[in-house]
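User: I would like to go through this model and ask, for each label, what it rests on. Please set the values against the criteria as we go.

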Number of protein chains: 2
Amino acid sequence: MKRARGPSVESLLVKLRQAGVKITPNRRKVLDCFLSAEKPWTLSSLHVTLGKSGDSELSSIYRALEAFRQAGLLEEFRFPGDRQTYFSLIRHADGGQPLAHGDSAHQHHHHHIVCQDCGTVSHLDMCVPAGWMGKVERASGFQITEHHLEFKGICGECR
Amino acid sequence: MKRARGPSVESLLVKLRQAGVKITPNRRKVLDCFLSAEKPWTLSSLHVTLGKSGDSELSSIYRALEAFRQAGLLEEFRFPGDRQTYFSLIRHADGGQPLAHGDSAHQHHHHHIVCQDCGTVSHLDMCVPAGWMGKVERASGFQITEHHLEFKGICGECR
DNA sequence: ATTCTAAATGCAAGTCACTTGCAATTATAT
DNA sequence: ATATAATTGCAAGTGACTTGCATTTAGAAT
């Protein structure tokens, strides 16, 4: 599994401040989860983790996720057949700074891949070829603003 | 929007029979929805449609969808931020016949694109380049068995 | 450091989209 | 025509959020 450099704590806190999001002890703990573990989190997994040590309320975590997402820190995604919503830190192409506005279409140059045996979720630091995206736009007549690509497969361990 | 030829009624009924799925009036109506409308259906949209004319029970439609999916007729997918599960007929690459077993990884050569303004869902009869999928496998160490790609954008009408 | 005020929290209750249990029916094979 | 495994209708249950509201608190302004 590849370890990619994510955004710094400071840049995230600045973003939150700018969005008018207050940093409470609970929210700091939620943020730390995302910073410390190279994996997508769910509302439930955060609640299990933070419930023990930090006894955070489910609804507070929920609202923290919403606030973080609206502030542009998190992206959400799902795997087909899975009821839960996953969240992970948005890692910008330049490794920490936000891209210019309007480039949102290709902002997240990574995707997710989940092992169908052990459930491990791995990041994939590559994106579909830009030229292919152009083909999609021409073929569909749509102007693409977002795309979500998720993989299932069998990881190296399980093979 | 492109109109692609889907599987024939007969081939679908054969598949269901083979899977031990009985064809009841209700299930026939569900199947007809998929055959008549070039769009993904949800449990709820089918219930609204069939509730009026055919007064089908929600749970029966639910179980029909499950049976159809297990028999290999339907695929399910979701759009991030959308709570509902969508279903659409699996349209094989050759336009009606199932592919050889083992080719499931690249069986569904189409994806979906939803307009963020009007909500229209359109099929996209193309798939990521096979060479790129190979790159993904090498980069991740995973053997890919499934991939799901959904787009959001602005359709020709809304632009 | 103290005050102020918009935000966040805890708790409880509500919503939505399924999902299941079970007794009564019914599509199919024989 | 009969047997029987599948399906149905109805009701109840589950999981994952999502919201309302009174109370508390982070962070800005003194």
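User: In which helix do A:D32 and A:R28 lie, and how many residues apart are they?

Analyst: In this predicted model, A:D32 and A:R28 both belong to helix α2 of chain A, residues 25–36, and they are four residues apart, which is about one turn of the helix.

User: What makes the meeting of A:D32 and A:R28 a salt bridge?

Analyst: The side chains of A:D32 and A:R28 come to 3.3 Å, N to O, and the criterion asks for a side-chain nitrogen of Lys or Arg within 4 Å of a carboxyl oxygen of Asp or Glu, so the pair qualifies. Over all chains, the structure holds six salt bridges.

User: How many salt bridges does the rule find across the interface of chain A and chain B?

Analyst: Across that interface the rule finds zero salt bridges, although 16 residue pairs, both at pLDDT 80 or more, are in polar contact between chain A and chain B.

User: Why is the relation between chain A and chain B called that of a two-fold axis?

Analyst: Chain A can be laid on chain B with an RMSD of 0.1 Å by a turn of 180 degrees and a shift of 0.0 Å along the axis, and that is the relation of a two-fold axis. In chain A, the C-alpha nearest the axis belongs to A:L149, at 2.1 Å from it. The same surface serves both copies, since 100% of the contact residues of chain A recur in chain B.

User: Why are β1 and β2 of chain A said to stand at the edges of their sheet?

Analyst: The sheet in question is open, has three strands in the order β1-β3-β2 (chain A), and is paired in the antiparallel sense. β1 (41–42) and β2 (74–77) of chain A each have a single partner strand, so one side of each is left without a neighbour in the sheet. For β2(A), four antiparallel bridges connect to strand β3 (residues 86–89) of chain A, and among the paired residues A:L74 has A:L89 as its bridge partner in β3(A).

Conventions. Residues numbered from 1 in each chain as written. Chains lettered and ligands numbered in written order. Predicted model: local features only at pLDDT ≥ 70, side-chain atom pairs only at ≥ 80, totals over all residues. Heavy atoms only, no water. Polar contact = N/O pair within 3.5 Å; in protein donor to acceptor, adjacent residues only side chain to side chain. Least-squares fit on C-alpha atoms with pLDDT ≥ 70 in both. Contact = heavy atoms within 4.5 Å. Pairing = 2+ DSSP bridges. Helix = DSSP H or I, 4+ residues; strand = E, 2+ residues; numbered from the N terminus.
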